[in-house]
Amino acid sequence: MENRTEGIRQLMLNELGEFGEKHYPKIALRVRYAQDAQGLWYARGDVMAVLSAMQGETIARQKVGSITKMFEGLLPGSLGSRRSSLN
């Protein structure tokens, strides 16, 4: 479980890249120092906002979607992704 959490953290930081860490340091620190999978789960919205600003919303949605799939089995049932009628 810890390895999976660290994998998610690293992927999020990789997606932010140097530009994201330099221009959005609070978000990068939030991801870097999240204490657990739940902390990373709640940081996804901020990562989405940064990626949208850097690469556009379509690409950001794809990347955050891939990150979201990695949380499967790590979170309590109430925190998981929900199906949307918008999809």
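**Figure 1. The largest nonpolar core of the predicted model has 22 residues.** Among these residues, I8, M12, L16, V31, L40, V47 and F71 touch the most other members. At least two residues of the core come from each of helix 1 (2–23), helix 2 (25–32), helix 3 (37–55) and helix 4 (57–69). Helix 3 gives the largest share, 8 residues. In soluble globular proteins, nonpolar side chains tend to be buried together.

**Figure 2. L16 is one of the core residues that touch the most other members.** Its neighbours within four places in sequence are left aside in this view. Beyond them, L16 is in contact with E21, I27, A28, V47, V50, L51 and M54.

**Figure 3. L51 is a buried residue of helix 3.** The relative accessible area of L51 is 0%, and it counts as buried because that value is under 20%. When neighbours within four places in sequence are left aside, L51 is in contact with E15, L16, G56, A60, K63 and V64.

**Figure 4. Helix 1 packs against helix 2.** Two packed helices are described by the angle between their axes and the distance between the axes. For helix 1 and helix 2 the angle is about 155° and the axes are 9 Å apart. Helix 1 is therefore roughly antiparallel to helix 2, as the angle is over 145 degrees. The crossing of these two helices is left-handed. On the side of helix 1, the contact is made by R9, M12, L13, L16, G20, E21, K22 and H23. On the side of helix 2, P25, I27, A28, V31 and R32 take part. By type, the residues of this contact divide into 7 nonpolar, 2 polar and 4 charged.

**Figure 5. Helix 3 and helix 4 cross at roughly 150°.** Their axes come within 8 Å. The angle makes helix 3 roughly antiparallel to helix 4. This crossing is right-handed. Helix 3 contributes W41, R44, M48, L51, S52 and Q55 to the contact. From helix 4 come E57, I59, A60, R61, K63, V64 and T68. The residues of the contact between helix 3 and helix 4 comprise 6 nonpolar, 3 polar and 4 charged.

Definitions and conventions: Residues numbered from 1 in each chain as written. Predicted model: local features only at pLDDT ≥ 70, side-chain atom pairs only at ≥ 80, totals over all residues. Heavy atoms only, no water. Core = buried A, V, L, I, M, F, W, Y, C linked by side-chain atoms within 4.5 Å. Buried < 20%, exposed > 50% of the residue type's maximum accessible area, 1.4 Å probe, protein only. Helix = DSSP H or I, 4+ residues; strand = E, 2+ residues; numbered from the N terminus. Contact = heavy atoms within 4.5 Å. Axes fitted to C-alpha atoms, helices over the stretch in contact; angles between N-to-C directions. Parallel < 35°, antiparallel > 145°, perpendicular 65-115°, else oblique. Left-handed = near helix turned anticlockwise from the far one by under 90°. Nonpolar A, V, L, I, M, F, W, Y, C, P; charged D, E, K, R; others polar.
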